Amino acid sequence: MPDRIVFNVAIPRADEFTGQRHSPQKSRSWFWRTAELEFCRGGSQIGVAILGLWFEHGLPPGAAPVQDFCDWYKFAVPPDRVEDLGKHVELATQEFGQKCIYLERAGEADFIANPNYRSAG
């Protein structure tokens, strides 16, 4: 069993319902709060203001895509805590005014230890 399951999360920079842009501090605060969660204990910001295009379900072919910019984050959680991350991202849909937020299960990760590591303490 892997040490962690890796997830990528795209946090939109604007409220889907009002169109108002979120401040960079709001996304940064969410990232820090998420990284500090007991089941994450870390994370990485892997992109800022990445353009995304998507097509609203039910639009006719040739309809213009919805464009949005997202900040992209990577988190790794223990296999038995995957549901906790899902619930946390579900809360973010409300915090950031979204119908949904993209949460990608990216893979598995293991921690490979340095056998010669000595603590400074």
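Q: Is Thr-93 buried or exposed, and why?
A: Start with the cut-offs. Buried means under 20% relative accessible area, exposed means over 50%, and partly exposed lies in between (1.4 Å probe, protein chains only). Thr-93 counts as buried because its relative accessibility is 16%. This is a predicted model, where local features need pLDDT of at least 70, side-chain atom pairs count only at pLDDT 80 or more, and totals for chains, interfaces and linings use all residues. Residues are numbered from 1 along each chain as its sequence is written, and side-chain values use heavy atoms, with hydrogens and water left out.

Q: Where is Thr-93 found, and which residues does Thr-93 touch?
A: Helices (H or I, at least four residues) and strands (E, at least two) are DSSP runs, numbered from the N terminus. Thr-93 is found in helix α2. Contact means heavy atoms within 4.5 Å. Not counting residues up to four places away in sequence, Thr-93 touches Gln-98, Cys-100 and Ile-101.

Q: How do I read the order of the strands in the sheet?
A: Look for pairs. Two strands pair if DSSP finds at least two bridges between them. Here four strands form an open sheet, in the order β2-β3-β1-β4, with antiparallel pairing. β2 (44-54) and β4 (102-109) stand at the edges; each has a single partner strand, so one side of each lacks a neighbour in the sheet.

Q: How many bridges join β1 to β3?
A: Eight, and the two strands run antiparallel. One example: Asn-8 has Lys-74 in β3 as its bridge partner. β2 and β3 also pair over eight bridges. There, Gly-47 has Trp-72 in β3 as its bridge partner. β1 and β4 pair over seven bridges, and Ala-10 stands opposite Tyr-102 in β4.

Q: Which strands does α2 touch?
A: α2 packs on the sheet and touches β1, β3 and β4. For angles, axes are lines fitted to C-alpha atoms, for helices over the stretch in contact; angles run from 0 to 180 degrees between N-to-C directions. The direction of α2 makes about 5 degrees with that of β1. α1 lies across β1, β2 and β3, at about 20 degrees to β3.

Q: Which residues touch the most other members of the largest nonpolar core?
A: In soluble globular proteins, nonpolar side chains tend to be buried together. A nonpolar core is a set of buried Ala, Val, Leu, Ile, Met, Phe, Trp, Tyr and Cys residues joined through side-chain atoms within 4.5 Å. The largest one has 17 residues, and Val-9, Ile-11, Trp-30, Phe-75 and Leu-85 touch the most other members. β1 gives the most to this core, with four residues.
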